[in-house]
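Here are some notes for a colleague opening this structure for the first time. Please read them with the model on screen.

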Amino acid sequence: DQEAERLYSGIQSNNSDVKTDSLKKLASLSHDVTFAQEFINRNGLKQIFYIVEEGNDTGEMLAHTLKAFMELMEHDFVSWETLSAAFIKKIVSYVNMSVVDASIQQLSLSILENMVPTSRLLFELVKKEVTLDRLLAHLQVTNVQLQLKAMALLIALLLAATDAERRDMMDYLRGKNIRQFIHKNIIHSFEPLGDEMAHYLYVLQSVSLNLCERRMRTSMDPYSQEQRDLLQSLRQTAFESESEAPASSFSTERRRSLCAKEFRKLGFMNNSNPAEDLRRVPPGLLALDNMVYFSRHTSNAYSRFVLENSSREDKHECPFARSSIQLTLILCEILHIGEPCSETAQAFYPMFFGQDHFFEELFCICIQLVNKTWKEMRATQEDFDKVLQVVREQITRTLSLKPTSLELFKTRVNALNYSEILKLRQTERLHQEETLAVPVLELRERLKPELLGLVRQQRLLHLCEGTLFRKISSRRRQDKLWYCRLSPNHKVLHYGDVEEGVHSPPIESLLEKIPIADMKTVLVGKECPHTKEKSSGKQNKDVLELAFSIVYDMEEYCLNFVAPTRYEFCLWTDGLNVLLGKEMTSERTQTDLDVLLSMELKLRLLDLENISIPDAPPPIPKPPSNLNFCYDFSQTEQ
């Protein structure tokens with residue numbers, strides 16, 4: 001508080017040196033939250049506003065003032081909305097001035113960037129006062145920091161804008177060739193791209209791609225003449241040139257049947273009303289836009305795709321329309337169209353800024369890839385989902401290599417054919433399953449006894465909790481219930497009848513007992529006395545799978561069970577075998593053991609990730625020629 005008081009007085013001094021030094025000290029101390037609070041409590045911000053609003057200085061003193069202001073505002077003690085119009089106007093003037101120190105322009109851009117998201121009023125004010133042209137001029141300077149701050153303000157304005165404003169701003173920026181400029185002067189500049197700029201480019205890419213969201217979320221309207229014309233243009237581009245007689249000379253019925261046939265050849269599921277295929281949202285009308293773009297801009301490839309598949313056998317034809325709809329959806333998911341921007345992500349694609357109509361051009365490459373992969377897989381209609389799954393993998397693997405242009409993407413994605421994908425999958429699977437290495441198999445065997453002990457313990461705990469069983473009489477009535485549980489010391493089985501609705505009766509209420517020492521063996525299935533006399537049938541088969549008996553007391557008596565589920569059957573037969581000192585034989589034992597072994601191995605091998613495990617242990621060094629280096633403790637003890 002003393003320092004705050006001293007600096008508060010210092011910045012009001014008439015001596016410019018004292019004032020400048022005080023502002024410099026203030027800028028360096030303001031990041032401390034306690035000091036900032038003390039200074040703000042003394043109405044220090046008012047004095048800073050006064051220096052900016054009334055001063056005409058654009059040198060060192062102003063730079064320290066703006067730096068101090070930024071640091072003080074970072075602590076959120078004061079709202080950005082409290083700033084006066086005169087102060088904002090002054091900050092805007094520094095951004096719009098041509099001749100002003102770069103550090104002042106950087107700080108002014110940062111202040112405006114922080115103001116924009118806080119309120120609609122401030123957004124509109126900044127948008128009006130700082131034109132996009134001015135920001136583009138700042139982007140074209142060689143000073144990297146100034147370039148960064150200008151990009152930060154541009155991104156803040158785009159994120160705070162409404163959808164319509166954002167669309168207009170992006171159209172304007174496109175007209176000013178911002179994409180080409182970023183591709184040439186920022187992505188491929190001599191300076192390496194920093195994390196912050198990478199994030200802004202990711203946001204710009206995301207905002208740009210999200211302009212497709214409206215079409216993606218709009219399903220086709222069968223009554224829209226414009227949309228129907230687009231749909232018809234697909235058919236006409238593919239087939240009109242090859243038909244000998246113009247379609248108009250046919251009767252209505254004949255024309256309709258011909259159109260339906262051609263739409264079927266185009267790969268629409270609903271060939272009599274293809275608009276139905278495009279009612280699915282997403283990808284909605286975006287799929288139609290892509291198909292139309294492909295047919296108009298690469299008409300040869302489009303005609304080749306459709307005609308090639310028209311002449312294939314029915315089952316082996318690759319459906320163009322169905323593939324296009326699914327591919328558009330896949331591209332939307334891969335490029336996160338319709339999802340909000342991440343606040344930290346930096347994953348932009350350099351090739352995005354190297355191409356106009358990026359999404360449509362990417363689609364044109366990928367739809368031809370679908371046809372190529374379809375042929376490589378010798379696919380039929382039943383394999384449609386499988387083919388598209390492989391195509392998704394081809395696209396994501398190629399995008400992860402960050403190709404710098406669409407041409408490079410096209411070359412790489414086409415080189416990554418189906419057999420390459422299979423090889424990569426195989427390699428990855430073997431890499432993941434390093435459980436086949438000899439040392440790992442040895443470790444597995446060493447862990448087995450300990451984990452089997454864990455399974456035994458779980459079985460006995462389950463028997464101690466007990467289970468509710470149904471009695472099956474000779475007339476097959478299943479209305480009587482009885483409960484059986486093991487005593488906590490594992491010496492006695494307690495059982496007895498219980499009423500409906502009782503789930504876990506206390507052990508004292510179960511009056512019948514069998515000492516474990518008297519148990520001789522466990523019978524299952526057909527060997528059980530209570531299943532031998534039963535007639536065959538489905539119900540009897542179900543009972544056979546769940547029946548087990550305990551033979552006890554000199555093999556004279558049996559206690560017969562029918563487990564409520566197969567799971568209970570496995571746990572009880574295992575638990576009883578453990579009590580008898582025998583092996584656990586149920587299928588559940590192997591499943592549980594595999595799960596535990598797999599988990600334990602993964603935990604043990606965590607530190608060895610990406611380290612190849614040798615099949616043979618490293619050689620043990622020879623013993624040293626003498627052991628004179630050993631320390632003799634006996635002398636020190638004396």
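1. Domain bounds here come from an automatic or database domain assignment. The chain is divided into domain 1 (1-211), domain 2 (225-241 + 251-429) and domain 3 (450-590). Between the C-alpha centres of domain 1 and domain 3 there are 76 Å.

2. This is a predicted model, in which local features need pLDDT of at least 70 and side-chain atom pairs count only at pLDDT 80 or more, while totals for chains, interfaces and linings use all residues. Residues are numbered from 1 along each chain as its sequence is written, and side-chain values use heavy atoms, with hydrogens and water left out.

3. Helices (H or I, at least four residues) and strands (E, at least two) are DSSP runs, numbered from the N terminus.

4. Which residues of helix 11 are buried? They are Glu-165, Arg-166, Met-169, Met-170 and Leu-173, where buried means under 20% relative accessible area, exposed over 50%, and partly exposed in between (1.4 Å probe, protein chains only).

5. Just after helix 11, Asn-177 has a positive phi of about 60°.

6. Leu-399 belongs to helix 21 (residues 384-399) and is buried, with a relative accessible area of 3%. Leaving aside residues up to four places away in sequence, Leu-399 touches Ile-334, Tyr-349, Met-351 and Phe-409; contact means heavy atoms within 4.5 Å.

7. An open sheet is formed by 3 strands in the order 5-6-7, with antiparallel pairing; two strands pair if DSSP finds at least two bridges between them. Strand 5 (519-524) and strand 7 (557-562) are the edge strands, each pairing on one side only. Strand 5 and strand 6 (residues 547-552) pair over 5 bridges, and Val-524 stands opposite Phe-548 in strand 6.
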